[in-house]
Amino acid sequence: MTEALDVFALHLPLAAPLAAAAVAALRGRAVAAWAGVAAAVGILAAAVWLARTVHAGQQVGYGLLRADALTAFMLIVIGAVAAIACWAGVHHLAAEAAAGAATAGTARRYLILVQLFLAAMSLAVLADNLGLLWVAVEATTIVTAFLVGHRRSRASVEAAWKYVVLCSIGIAVAFLGTVCVYAAAVAAGGHGAAALDWTYLTGHAAGLDADLIRLATGLVLVGFGTKAGLAPMHAWLPDAHSQAPAPVSALMSGVLLSVAFYAIWRYKAITDSVIGPGYTRTLLLVAALASIAAAALLLISQRDYKRMLAYSSIEHMGLVALGTATGSRLAITAVLVHVLGHGLSKAVAFCGAGQLLRLSGSSRIAAVRGLSARRPALAVVFGLALLALLGLPPFSLFASELGIARAGLAAGQGWAVAATFALVLVAFAAIVRHSTGILLGPPDPATQEPATQEPATAPTLAARPAAIVPLAVGLAAAAALGISLGPLNELLQTATDIIVQDR
Amino acid sequence: MTDQLLNLACGLFLLTAIGVLWRRELAALITLLTVQGAALTGIAVLFAVDHRHPEAFVVAAMVGVLKVGVLPWLLRRVLARVPEARETAPLVNVAASLLAAAALTLLAYAAARPLVNLAPSPTARAAPVGLAVVLIGFLLAATRRRAISQIVGLLLIDNGVAAVAFLATGGVPLVVELGVSADLLLAVLVLQVLTARLRAVFGRTDLDDLRGLRD
């Protein structure tokens with residue numbers, strides 16, 4: 001009986017979003033939007049069930065799908081962030097419709113694509129086969145392309161084009177790496193699709209050709225690193241994240257980047273058991289420092305608050321890369337907590353930025369002044385989300401950044417940690433400077449509420465206090481995670497073991 | 001006999017990639033890409049004949065339909081809607097890009113050493129050809145200014161990776177190949193729609209226009 005339920009939980013993260021996409025194709029906007037929320041909750045429920053099953057290091061496998069503790073943890077991240085983004089999306093779509101910015105057709109397309117996006121991300125973390133993992137990650141690029149180009153303006157077409165071309169080319173490099181791993185596995189006696197199974201590869205790592213794995217690792221890091229937004233392959237990210245609708249930016253920033261990183265972790269586990277951890281460590285350290293430096297420097301001169309959030313994502317992915325490079329148990333546990341905390345905080349920040357955009361009609365920082373006087377609730381939520389992203393307690397990014405730094409120091413990477421956190425401080429100062437202008441200060445009379453001039457849109461802009469609720473829930477979750485890991489602790493330890501591969 | 005045919009297919013595969021750098025007419029690029037697809041199909045068929053495995057024949061047939069049939073047809077449809085027939089001002093001129101292609105081919109032979117050393121069979125020794133095409137695809141995508149040229153660059157990269165997969169391993173498993181082909185087809189469809197939108201908002205498909213978003 002429980003085994004049947006295990007298999008059901010293994011397929012639910014794929015089936016629930018597909019079902020919600022079908023609902024979106026058939027039913028009206030409101031029903032479909034709530035069906036999307038239900039699908040996200042379904043992913044979360046399946047993740048919790050799988051986490052209970054796999055806690056002691058077992059796996060659940062069926063066909064090409066398999067779940068271990070790392071899969072379950074990533075599904076929790078996807079489900080939690082998706083629940084917030086879809087819930088905020090209900091209000092986003094209602095406000096767009098009320099403002100006349102979206103027709104029934106665009107809303108339907110939006111809802112279908114978001115659900116396909118969720119299904120593709122779930123498939124990426126559930127696939128046992130590294131080829132299938134690649135297929136799922138590339139599928140996320142395809143389904144989100146039209147979400148990035150949603151508004152059909154010059155800027156959004158430009159962003160969508162760059163996104164598809166850069167990510168497809170980047171991920172093609174990762175496929176070349178996958179082919180190299182397959183060649184090594186076939187040479188070592190592997191056969192057919194099973195030779196690309198992650199479980200097979202970690203079990204037979206001793207027989208894999210070291211030179212070929214070294215070549216493959218470089219290619220895979222560049223490829224999935226492009227998708228994870230690591231510098232210098234990050235050029236698509238600020239454009240795409242700033243042009244996509246707010247809930248989609250939340251998903252791309254909060255989950256998609258970490259799903260690409262999940263692929264890097266899986267390959268790292270194989271590489272480390274073949275050629276030792278030194279090689280991936282060096283490559284990841286370079287990528288980490290480059291990403292954080294690029295993010296910090298570009299944050300200083302930022303004039304657009306959605307791009308500011310996008311660069312903050314590059315900074316946080318740099319921290320994840322730093323912790324992954326360190327590779328000790330403490331570092332990896334901190335990295336996993338960081339991924340969940342960043343996902344929650346960034347989802348709240350982007351969805352808050354979406355409301356800000358609707359309020360002010362512009363994503364320029366200079367166009368918004370004195371939000372706390374005009375929309376106190378939104379100002380509090382947006383401000384707290386920024387504080388969470390800056391790594392202040394009680395939010396979980398404080399604990400995880402501390403953990404990454406401590407692990408780095410313990411591993412003798414003092415210079416890297418010092419350089420990183422000096423740059424993080426620069427980014428901190430830049431974000432604080434930009435956001436105090438948005439949140440505090442007197443309202444600028446020149447950019448006063450468009451509502452006063454356009455009474456037709458006044459109801460949309462005035463009401464919707466309910467839209468704050470999902471954001472508050474996300475913040476509460478990020479704070480709770482910062483105070484105690486609670487039942488997640490055991491799952492995190494098991495997931496860490498999978499990445500560290502008993503060293 | 002099979003060896004000779006394989007060498008012929010590999011040679012044709014590399015030559016078409018260099019030809020893509022040489023020509024500027026967008027229609028000629030698509031023709032060359034079709035020929036390259038045929039060469040790739042030839043490689044896949046030779047492997048299938050060699051191994052007599054039913055799965056290999058399915059993969060070969062799929063590669064043929066996709067690379068010789070569907071993808072060139074899609075590109076021609078894009079070209080029919082976009083009146084620009086020529087690459088006007090590539091970032092790097094033709095002579096320089098041909099020299100670069102020669103350098104990239106040498107680089108590919110150096111980089112593919114681990115693949116060649118793995119199994120010193122005649123097929124694995126040809127694997128650097130695929131890698132060279134991947135690098136030439138990068139060069140094309142980075143230096144050409146027309147939207148269609150960039151799509152052709154992306155397809156060259158994909159053809160190159162597929163060739164490496166066939167030559168070094170006899171092709172990736174069927175289930176992976178199915179997924180990869182579906183992704184590639186969808187990506188080209190997405191790019192086709194985006195090309196139309198580019199033309200709708202900018203009036204042409206010159207990628208130099210894509211500079212509104214920067215810091």
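Contact here means heavy atoms within 4.5 Å. By that rule, and leaving aside neighbours within four places in sequence, I498(A) is in contact with D68(A), A69(A), L70(A), W198(A), R266(A) and A269(A). The model is predicted. It scores ipTM 0.94 and pTM 0.93. The points below cover confidence, packing, charge pairs, backbone geometry and surface.

**Confidence**

- Chain B has a mean pLDDT of 89. In that chain, 98% of residues reach 70 or more.
- Confidence in chain B is lowest in helix α6 (residues 122-125), where the mean is 79. It is highest in helix α7 (residues 127-143) of chain B, at 93.

**Nonpolar core**

- In soluble globular proteins, nonpolar side chains tend to be buried together.
- The largest nonpolar core here holds 267 residues. Within it, W161(A), F224(A), M252(A) and W265(A) touch the most other members.
- Helix α6 (residues 154-187) of chain A supplies the largest share of this core, at 22 residues.

- I498(A) sits in helix α21 (residues 488-500) of chain A. Its relative accessible area is 13%, so I498(A) is buried.
- I498(A) and L70(A) are 428 residues apart in sequence. In space, their C-alpha atoms are 6.9 Å apart. L70(A) is also among the contacts of I498(A).
- T178(A) belongs to helix α6 of chain A. Its relative accessibility is 1%, so T178(A) counts as buried.
- Beyond its neighbours within four places in sequence, T178(A) is in contact with L130(A), G131(A), W134(A), L196(A), V220(A) and Y267(A).

**Salt bridges**

- Side chains of opposite charge can pair when their charged atoms come close. Over all chains, the count comes to 12 salt bridges.
- K268(A) pairs with D272(A), with the closest N and O atoms 2.8 Å apart. The two residues are 4 residues apart in helix α10 (residues 246-275) of chain A, so about one helical turn separates them. Both K268(A) and D272(A) are buried.
- K67(B) pairs with D158(B), with the closest N and O atoms 2.7 Å apart. This pair links distant parts of the chain, 91 residues apart. K67(B) is in helix α3 (residues 54-81) of chain B, and D158(B) is in helix α8 (residues 147-169) of chain B.
- K67(B) has a relative accessible area of 8%, so K67(B) is buried. D158(B) has a relative accessibility of 14% and therefore counts as buried.
- R146(B) and D206(B) meet through their side chains in a salt bridge, at 3.6 Å from N to O. R146(B) lies in the loop between α7 and α8 of chain B, and D206(B) in the segment after α9 (174-202) of chain B, so the pair ties together parts that are 60 residues apart in sequence. Both R146(B) and D206(B) are buried.
- R66(A), D68(A), D128(A) and R266(A) form one network through salt bridges that share partners. D68(A) and R266(A) are also among the contacts of I498(A).

**Backbone geometry**

- Most residues other than glycine have a negative phi, and most peptide bonds are trans. The residues below depart from these patterns.
- The peptide bond from A231(A) to P232(A) is cis, with omega near 5°. P232(A) is in the loop between α8 (210-228) and α9 (236-243) of chain A.
- P393(A) and P394(A) are joined by a cis peptide bond, with omega about 5°. P394(A) is in the loop between α15 (376-389) and α16 (396-410) of chain A.
- R52(B) is not a glycine, yet has a positive phi of about 50°. R52(B) lies in the loop between α2 (26-51) and α3 of chain B. Its relative accessible area is 67%, so R52(B) is exposed.

**Surface patch**

- L297(A), I300(A) and V426(A) make a nonpolar surface patch of about 250 Å².
- V426(A) is placed in helix α17 (residues 414-439) of chain A. Its relative accessibility is 32%, so V426(A) counts as partly exposed.

Notes
Residues numbered from 1 in each chain as written. Chains lettered and ligands numbered in written order. Predicted model: local features only at pLDDT ≥ 70, side-chain atom pairs only at ≥ 80, totals over all residues. Heavy atoms only, no water. Patch = residues over 30% accessible without salt bridge, like charges linked within 9 Å, V, L, I, M, F, W, Y side chains within 5 Å. Areas by Shrake-Rupley, 256 points an atom, 1.4 Å probe, with all protein chains shown as cover. Salt bridge = Lys/Arg side-chain N within 4 Å of Asp/Glu carboxyl O. Buried < 20%, exposed > 50% of the residue type's maximum accessible area, 1.4 Å probe, protein only. Core = buried A, V, L, I, M, F, W, Y, C linked by side-chain atoms within 4.5 Å. pLDDT = per-residue confidence, 0-100.
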